[in-house]
Structures are given as structure tokens and as C-alpha cells.
Amino acid sequence: MAVQYFFKKKNSDLSMKKCVPCNSKDLRPITEEIANELIPRVAGWNLVNENGTLKLHRSWKVKSFCKGLELFKLVGDVAEAEGHHPDLHLVGWNNVKIEIWTYAAGGLTENDFILAAKINGLDLHELLRKKATS
Ligand SMILES: C[C@H](O)[C@H](O)[C@H]1CNC2=NC(N)=NC(=O)C2=N1
């Protein structure tokens with residue numbers, strides 16, 4: 001279902017969609033080929049293949065450790081509202097990295113792109129270092 005859905009709704013705004021529960025039995029990850037086609041729809045996110053598991057990664061440099069925690073809170077609220085949860089990393093006091101994939105599917109599903117698009121919709125600009133965002 002996921003694959004066709006993506007193709008049909010190519011121009012729809014992912015951030016307007018809602019994550020579906022990840023406990024469905026027929027949850028299948030998308031292929032790397034399709035993931036490569038979709039990645040431009042979530043600006044700033046990179047496709048990573050970790051030992052065969054596709055994931056979305058994005059990094060930010062924050063102004064301070066506490067701003068990093070604030071970022072986590074904003075992202076955490078989105079994740080809770082969607083019932084879909086990223087891995088959050090805050091390393092070396094100001095490097096935030098977020099990884100998203102669907103554990104239940106062992107790879108990427110539409111949910112991951114929806115969550116990434118919603119995170120992109122957050123106004124993080126007060127939290128980030130002026131210079132680099134990567
Ligand atoms: C039942 C519930 O929807 C699942 O446990 C959800 C919770 N959040 C999740 N988040 C992510 N990123 N992947 C999952 O497979 C996942 N599973």
C-alpha cells in the first residue's frame with residue numbers, strides 16, 4: 001500500500017498527513033529506489049543505509065545544550081502527537097542528530113517521511129547556531 005500511495009500523492013504535502021499505527025502486519029518498508037525518489041520531499045534529511053536498514057538522518061548545531069533539550073521537547077511533542085518516535089541524539093553539547101525509521105517494518109515507511117516533514121515545519125531558528133545547520 002505504502003508504495004502506490006507515495007506515487008499517487010507525489011505532490012501532496014507530507015506534513016499535512018497523519019502517521020498511522022506501526023503495528024499493522026502488512027507494514028512493509030519501501031525500497032531504496034523509492035526512498036531516493038522521496039528524499040527531496042523532506043529537505044535537509046539524508047537517506048542512510050545502516051546494515052541494510054534504511055533510515056532518515058538530519059543534524060543541527062544548536063546554540064547551547066539547553067537549546068538542544070528545547071529542540072528535543074518540540075520534536076518530542078510532534079512525535080507523541082503522531083505516535084511515531086525518532087531516535088534523538090545530543091552529542092558534544094551542541095550537535096543534535098535525529099534518526100527516523102520504522103522499527104516495526106525494519107526500514108522506512110510513509111510515517112517516517114511524514115514525521116520528518118512535520119519536524120521540518122517546526123520553527124527551530126531561535127535554537128540553532130547562526131552558521132551551520134549540518
Ligand atoms: C504500537 C506503536 O504504534 C508502535 O510501537 C510504534 C511507536 N513508535 C514508533 N516509532 C518508530 N519510529 N518506529 C516504530 O516502529 C514505532 N512503533
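Colleague: Which residue in β2 is the bridge partner of leucine 47?

Modeller: Leucine 56 is the bridge partner of leucine 47. The model is a predicted one, in which local features need pLDDT of at least 70, side-chain atom pairs count only at pLDDT 80 or more, and totals for chains, interfaces and linings use all residues. Residues are numbered from 1 along each chain as its sequence is written.

Colleague: How many bridges pair β1 with β2, and in which sense?

Modeller: Strands (E, at least two residues) and helices (H or I, at least four) are DSSP runs, numbered from the N terminus. Two strands pair if DSSP finds at least two bridges between them. Here β1 and β2 (residues 53-61) are antiparallel over five bridges.

Colleague: What is the strand order of the sheet?

Modeller: The open sheet has four strands in the order β1-β2-β4-β3, with antiparallel pairing. Its edge strands, β1 (46-50) and β3 (87-91), each pair on one side only. On average, neighbouring strands are turned by 30 degrees against each other, direction ignored.

Colleague: Which strands does α3 touch?

Modeller: Two residues are in contact if their C-beta atoms, placed from the backbone, lie within 7 Å. Axes are lines fitted to C-alpha atoms, for helices over the stretch in contact, and angles run from 0 to 180 degrees between N-to-C directions. In this model α3 packs on the sheet against β2, β3 and β4 (95-100), and its direction makes about 175 degrees with that of β3. Helix α4 lies across β2 and β4, at about 150 degrees to β4.

Colleague: At what angle do α3 and α4 pack, and which residues meet?

Modeller: Helix α3 (residues 65-82) and helix α4 (residues 110-120) pack at about 140 degrees, their axes 10 Å apart. From α3, Val75, Val78, Ala79 and Glu82 meet Leu115, Lys118 and Ile119 of α4.

Colleague: Where is asparagine 51, and is this residue buried or exposed?

Modeller: A residue is buried if 20 or more other C-beta atoms lie within 10 Å of its own, exposed if 12 or fewer, and partly exposed in between, with C-beta atoms placed from the backbone. Asparagine 51 is in the loop between β1 and β2 and has a phi near 50 degrees, a positive value in a residue other than glycine. Asparagine 51 is exposed because 4 other C-beta atoms lie within 10 Å.

Colleague: Which loop holds tryptophan 93?

Modeller: Tryptophan 93 is in the loop between β3 and β4. Its phi is positive, about 60 degrees, although tryptophan 93 is not a glycine. Tryptophan 93 counts as exposed, with 10 C-beta neighbours inside 10 Å.
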